[in-house]
Amino acid sequence: MKKIRIILLPFILLASWGCNKELQLTPESDYNTADFYRSVNDFRQALFGAYGGLRSVHGFDYPMLVESLSDNVNTQQNTANLPTARFGFTAGDDLILGVWGAYWAVINRTNNILDQIDDGDFPDENVRAIMRGETRFIRGFCYFQLGWLFGGMPLIDRVMPAAEIVAVTRSSQEETFAFAAADLEAAAAVLPESQGGDNLGRATRYAAKGILARLHLYMGNYGAARPLLEEIIAYEGLSPYPKFIECFLNTRDNGPEHVFQIQYTSGLVNQGNPLVYSLVPQNLRAEQFPQGGRSTWVAVSDDLYEAYDTTDVRRDVTIQKGYTTVNNVVDSLTKLFVKFSHGTVPLNNMDNDVNFPILRITDVQLMYAEVLNEMGYEADGEAFSLLNAVRSRAGLDSLTSVGVPDQQAFRDSLFAERRLEFACEALRWFDIVRQGPERATEIMNAFLARPEEGGGSLTFDPRYLLMPIPESEMRTNPSLTQNPGY
């Protein structure tokens, strides 16, 4: 089955992948909408469409791609060749096109809103300001995602005709991040501290500040990230859940642990979270997967599983070792991501209503610990306290300066902790990439040297730290340039 995606040129349709992948994006309407949006409800529906685009890409394409690129996923097992992308993906890869296309579709939607919102009929100017802030948050988030995945982007901040779009060249990655940061800063200035009622789950001031802090960490701007993270931590409305498993229960969505989540709903058409069953094989039969999984799935690496201490409660919440097939064949070795499957079991395996976490408060705490360490290591200081608070919930002993005696040792401990805390939350590859080409290559080659990963028969090429610009986009827009090595 082919599905239709709308990409950088909003009226160009491309066939995207897959024989066993259900339709994720609702059909995009004509983008000639200059006279369409008028009332508050018109803009509210348009904003729902922008959020819906995020729901689509995070329900399969983005998390599957970035987990598969990292050392969290097994290289050798037959999982539809997703992990082999580490060593040979091309500009024609459908999954890469899917991620690119989905984020650009959302940017197109946000530009339509921003072009018209000042002329809309808003009895309450505060509502207009908040909706504009949400829209800029979504656009800034998308540009940040595209920027760290693909590098510099064409910066398109309004609806343009095709002839104008194809003349827009790529900006640098730094310019792309600056554009994203401006959107996130503008959003943070007007968004409320929390959203409730009919607006529950929508972007808040702290969501904007948290993603902006993540952007600053990627760029190494620790001084810029510090006040943002301090403000989030000081907010009494956000705090970690007592138990790690609570972070991934549908009954605990949109609670104080979650700074921002992608929202999913059961019982409606194409509103459920398909990622839950997409992480396990088609022939699996278990209580939480009564209809099995998917033909395109990923197996967890032994390296990740063994990185957990046996007393770490996060391991068995995140990973299931072994499974029984529909034919009652027992596989005792394969390891599966089951992090999001502990809540209510839906009648339809695509209709799970558990949300996908984009930013949790423990991520904020660990980012702040990283900032403190990078700005000056302090033996057993506040950075240790933040890191140890996360470890304590996992059932682990505290780290001290005896075992972590300097800045580099703390840095290594912190990234190791982030890997365990956020496995399967699409953050590991981001954390590898932002450590730079030398360290990223060291991490990946050490992983590939493991016997079950090929024993060093495969090596990592740092050009893969940036995705290629999809070849279909290169053909459509001659102003685009390709990333080095592709």
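This is a predicted model: local features need pLDDT of at least 70, side-chain atom pairs count only at pLDDT 80 or more; totals for chains, interfaces and linings use all residues.
Local features were taken at pLDDT of at least 70 and side-chain atom pairs only at pLDDT 80 or more, while totals for chains, interfaces and linings use all residues. Residues are numbered from 1 along each chain as its sequence is written, and side-chain values use heavy atoms, with hydrogens and water left out. Helices (H or I, at least four residues) and strands (E, at least two) are DSSP runs, numbered from the N terminus.

Two packed helices are described by the angle between their axes and the distance between the axes. Helix α9 (residues 222-234) packs with helix α13 (residues 361-374) at an angle of about 140 degrees, and the axes are 9 Å apart. This makes α9 oblique to α13; angles under 35 degrees count as roughly parallel, over 145 as roughly antiparallel, 65 to 115 as roughly perpendicular and the rest as oblique. Axes are lines fitted to C-alpha atoms, for helices over the stretch in contact, and angles run from 0 to 180 degrees between N-to-C directions. The crossing of α9 and α13 is left-handed, a term for a near helix turned anticlockwise from the far one by less than a right angle.

In this contact (heavy atoms within 4.5 Å), the α9 residues include Tyr222, Leu229 and Ile233, and the α13 residues include Ile361, Tyr368 and Leu372. The residues of the contact of α9 with α13 comprise 11 nonpolar, one polar and four charged. Here Ala, Val, Leu, Ile, Met, Phe, Trp, Tyr, Cys and Pro count as nonpolar, Asp, Glu, Lys and Arg as charged, and the others, Gly among them, as polar.

The structure holds 37 salt bridges, each a side-chain nitrogen of Lys or Arg within 4 Å of a carboxyl oxygen of Asp or Glu. In one of them, the closest N and O atoms of Arg132 and Asp118 are 2.5 Å apart. Arg132 belongs to helix α5 (residues 125-150) and Asp118 to the loop between α4 (94-116) and α5, so the pair ties together parts that are 14 residues apart in sequence. Arg132 is partly exposed at 26% relative accessibility, whereas Asp118 is exposed at 52%; buried means under 20% relative accessible area, exposed over 50% and partly exposed in between (1.4 Å probe, protein chains only).

A salt bridge also joins Arg360 and Glu257 (2.9 Å, N to O). Arg360 is in strand β6 (residues 356-360) and Glu257 is in the loop between α9 and β3 (258-262), 103 residues apart. Arg360 is buried, with a relative accessible area of 1%, and Glu257 is buried at 0%.

Asp302 and Lys335 form a salt bridge with their closest N and O atoms 2.8 Å apart. Asp302 lies in helix α11 (residues 302-307) and Lys335 in strand β5 (residues 330-337), so parts 33 residues apart in sequence are tied together. Lys335 is buried, with a relative accessible area of 7%. Salt bridges that share partners join Glu257, Asp312, Arg314, Lys339, Arg360, Arg391, Arg393, Glu417, Glu421 and Glu425 into one network.

Helix α2 (residues 61-69) is mostly covered, with nine of its nine residues buried. Among them are Asp61, Tyr62, Glu67 and Leu69.

Asn328, although not a glycine, has a positive phi of about 65 degrees. Asn328 is located in the loop between β4 (319-324) and β5 and is exposed at 65% relative accessibility. Ala426, also not a glycine, has a positive phi of about 65 degrees. Ala426 is in the loop between α15 (407-422) and α16 (428-433) and is buried, with a relative accessible area of 4%.
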